[in-house]
Amino acid sequence: MRKKLVTGLGLVLLIATVSAVVVIKNLNSMIANQKLINEQDVIIGRYNEMLFQMKGAQSELYRHQAGYSRNIDDLVNYIDAFDDNMVFLSQRYASHHQDIQCVQCHSQIEERLTSLAGIFSGIENHVKQYKQDMSILITAGDKSQLGMLENAATEKGNVIIGLLENIRHGADKMRGEIKNKRNKLIDRSQSMITLTIAFAFVFSIAISLAVYRGITVPVNFLIRGIQKIASGDFQQRVEVSTKDEIGFMAQAFNDMTEQLQTMNREKDVLLQTLKEFNDDLEKKVQEATEELRLAQENMVRTETLAAIGTLAAGVSHELSSPLNSILGFAQLTISEMDDGSPVKDDVKLIEQEAMRCKRIVQGLLSFARPPIHEEKLTDINKIIDDTLMLVEYQPAMNKIILKKDLDSALTPIEADPQQLKQVFLNLILNAIQAMPKGGVLQLKTANTQKGVEAVIADTGTGIPEEEKQKVFQPFYTTKPEGTGLGLSISYGIVKEHGGEIDVESSPGQGTRFKISLPLKNQGRIEKMSTAVAGGQLVERE
Amino acid sequence: MLKPGTATVIKLWLVLFPMLLSCSNSSSGTDTVTPERIREHSVTIALLPERNVFEQKKRYKPLAQYLSDELDMNVKIKLLDSYGSIYQEIINKTIDGAFLGSLNYVLNHRRANLEPVARPVEKGGSSGYCGVIFTRRDSGLTRDVETWRGKKIALVHKKTMAGYVFPEWHLKKQGIQGLNNHFRKLVFLGSHDAAVLAVVKGQADIGAAKDLILQKMLAENAAMKDEIVVLATSLSVPSNSLCLRSGLESGIKNSLKKSLLSMHETAAGKSALQALNAVKFTETMDSEFGKLREMVVEIDLDVGSLPFQDKR
């Protein structure tokens, strides 16, 4: 753009300068020609002065000689002035030798100047003699000489005047020639100046328009491109192919747009990632919320069971004494009754029901406050095997497929084996009872990070969702003859061991119990495991 | 590094700019005219026609210009057509002074109350002149005044020492009373150079004039130098001195005298002196004219009754 401006401005200035030079040259020619005319006027004026001076000197001489005046100053001044004019003209003509301007106006100028110089020389001689005669004439006292001197002086004066008139005529002619030349020059200069101004005007306009278009067109392209990009179209590029500042600006703008587009793409990727991260976070929050809800439910359940246990312990303690009295008196009564006594069966029924009540009370006591257990290093696999030996002769087992997946490398844990055996017995029996028409009983053990876990799963009737929260509560049972204390006692034993018991069930699909037990005293376990490896294991049932 | 287009534009500019300047230079050239100063006081000094009046004017014009500038007044030169007119001009106060020959001063000193001021000193140191009587070499005349008898003599004016008084005095010393009695014809030509020319041209047999003018004319014309022979020479008298009328303001008189006596100290003064063929001005005292006064007495010239008005 700067180059265009500089070039355009330079060309306009160039045209203006050329025009100015042409105009000034023409004006100078006219001025020079006018000067020549003025000079020629001056020369002619000088000739007229000289004629006047010579004639004046003649008159003064006449006045002096006639006795009208004794003053010779005017006479001398006339001649002096005449001399000065002649010197002036001689110098002026001498300076015109080889003058081109003179040649342009006058033909045979050199010859004419030479001829003039000759005439001037003649006049000079005449004047010299004239002055000498004049001087003698005006100072002479001898009348005999006056007539002769007067005639000689008058004759010389007339000769000089005649020569001057001839020269002046020549000068008039030269002035006419200069004027003719001037008139032609003025006509030509007027045409030249008019053409030059028109040329300069047209070309300046053309150059200005070219520069204007050369700047505004790429600028408009640039503006349109910027507007499109500003509206969000990052695919748009400014199409300016010039090699000037606007081209550089457009290129820079395109580079900037490219970077903006790249940044926009990166922003989209980041937004997508953020969205995914947000979704994932929401999912995790939901999961955490669900876990929290489950934990809260578990805690509520635990609190509920703990409250029930406390209540049951109190009730059991209060019922134990009257039940013992009832049972004692019933057994005493039976022992004292005859076999034929008609009420003996009734009393036996009282004894049986009292016994039943006693077991219920004991069960409640076991839930609330399990009997003090003695922990020792216990192999859960062995506990499960021992328990299976107790139930394998159950008739229902004939229809059930047993699947054992016991980890042979299961780590022994510190636990009460009798209590755990009761837990597994309750759960296995419940599973068998849940599959009256047969099914699959799956038993599985495995090491975990914190200890061991055991899974007892069946393919039985399953537990409805709304019932799952109640299965560990005392007296909750779906069986007509159940006490509803098996699972609650099992729950208490597992908790007593610091473990967890969970249930997963779907109606018609089956139920799955998972028991997690901690290792507790790890150092002792390792020590005992070493002893087992050395054949010193003694506390295994 | 300049681009080709820019370089071309600059080159064109380098060509066109001097042209533009030359155009502006050629159009200028107006002459400045300084108006001439108008001076309040004027002093008019007359010149006697002792030589060609045009030459006189030419010689004294630089001096007048110098004095005008120095004194800041108009010092004018007035040419007189006759020696006799000096008295009337002084009396009429149409002139304030004049460069007078020695006899004219002696004649007019008392009658016109003139005071001598200063006179030029020539390059050789001379500030006086002599009267000479001369003839052509082929005239046959000698120093013997008897050979002059019956000849035509070219004189200047009766009121010049060289051009009249000296020949009269010289003849009287030889026992001859009056020029009219000894010469066939007396021709008064009014100026010294006219007297010389008359002898050179043969219009007169013998002539009398100032030696300074004769020598100058002989120096300017080598052919003339061989033709002229000097027959008699007078005593030296003070050359043409500026004499001022007594009535002129003393301040102007003093200023004029001071300027003349010191003009050789300035370049402008030297230039004006050169036109007079002089190196400086020296003071002129009345006592320097004593010998001339004796000469006048010896020829019985009655200064008191001598008519000064020329007859035309």
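Reader: How many helices and strands does chain B have?
Author: Chain B has 12 helices and 13 strands. Those are DSSP runs, numbered from the N terminus: helices are H or I with at least four residues, strands are E with at least two.

Reader: What kind of model is this, and what are the thresholds?
Author: This is a predicted model, where local features need pLDDT of at least 70 and side-chain atom pairs count only at pLDDT 80 or more, while totals for chains, interfaces and linings use all residues. Residues are numbered from 1 along each chain as its sequence is written, and chains are lettered from A and ligands numbered from 1 in the order in which they are written.

Reader: What share of chain B is buried?
Author: 43% of its 312 residues count as buried. A residue is buried if 20 or more other C-beta atoms lie within 10 Å of its own, exposed if 12 or fewer, and partly exposed in between; C-beta atoms are placed from the backbone.

Reader: And what share of its contacts is between residues 24 or more positions apart?
Author: 78% of the chain B contacts with a separation of 6 or more. Contact means that the C-beta atoms of two residues, placed from the backbone, lie within 7 Å.

Reader: Why call strand S12 of chain B largely enclosed?
Author: Strand S12 (residues 241-245) has 4 of its 5 residues buried, so it is largely enclosed by the rest of the structure.

Reader: Which strands pair with S12(B)?
Author: Strand S3 (residues 97-100) of chain B does, antiparallel over 4 bridges. B:Leu100 stands opposite B:Ser241 there. Strand S4 (residues 114-122) of chain B also pairs with S12(B), antiparallel over 4 bridges. In that pairing B:Glu115 has B:Leu244 as its bridge partner, and B:Pro116 has B:Cys243. Strands pair if DSSP finds at least two bridges between them.

Reader: What joins S4(B) to S13(B)?
Author: 5 bridges, with the strands running antiparallel; S13(B) covers residues 278-283. B:Val121 is the bridge partner of B:Lys280.

Reader: New topic. What is the order of the open sheet in chain B?
Author: S8-S7-S9-S6-S10, 5 strands with mixed pairing. The edge strands are S8 (185-188) and S10 (228-233), each pairing on one side only. Neighbouring strands are turned by 25° against each other on average, direction ignored.

Reader: How do S6(B) and S9(B) pair?
Author: S6 (residues 131-136) and S9 (residues 206-210) of chain B pair in the antiparallel sense over 5 bridges. B:Phe134 stands opposite B:Gly207.

Reader: Which strands does helix H5 of chain B lie across?
Author: H5 (residues 161-173) lies across S6, S7 (152-155), S9 and S10 of chain B, at about 120° to S9(B). Helix H8 (residues 211-220) of chain B lies across S6, S9 and S10, at about 105° to S9(B). Axes are lines fitted to C-alpha atoms, for helices over the stretch in contact, and angles run from 0 to 180 degrees between N-to-C directions.

Reader: Over to chain A. How many helices and strands?
Author: 11 helices and 7 strands. Of its 541 residues, 24% are buried. Residues 24 or more positions apart make up 74% of its contacts with a separation of 6 or more.

Reader: How do H1(A) and H2(A) cross?
Author: The axes of H1 (residues 2-65) and H2 (residues 73-94) come within 8 Å and cross at roughly 155°. That makes H1(A) roughly antiparallel to H2(A). Angles under 35 degrees count as roughly parallel, over 145 as roughly antiparallel, 65 to 115 as roughly perpendicular and the rest as oblique.

Reader: Left-handed or right-handed?
Author: The crossing of H1(A) and H2(A) is left-handed. That term applies if the near helix is turned anticlockwise from the far one by less than a right angle; clockwise is right-handed.

Reader: Which residues meet there?
Author: Among them are A:Ile43, A:Met50 and A:Leu61 of H1(A), and A:Leu75, A:Phe82 and A:Leu89 of H2(A). By class, the contact has 13 nonpolar, 4 polar and 5 charged residues. Ala, Val, Leu, Ile, Met, Phe, Trp, Tyr, Cys and Pro count as nonpolar, Asp, Glu, Lys and Arg as charged, and the others, Gly among them, as polar.

Reader: What about H2(A) against H2(B)?
Author: Their axes come within 10 Å and cross at roughly 75°, with H2(B) spanning residues 53-71. The two helices are therefore roughly perpendicular to each other. A:Val76, A:Ile79 and A:Asp80 meet B:Val53, B:Phe54 and B:Lys57.
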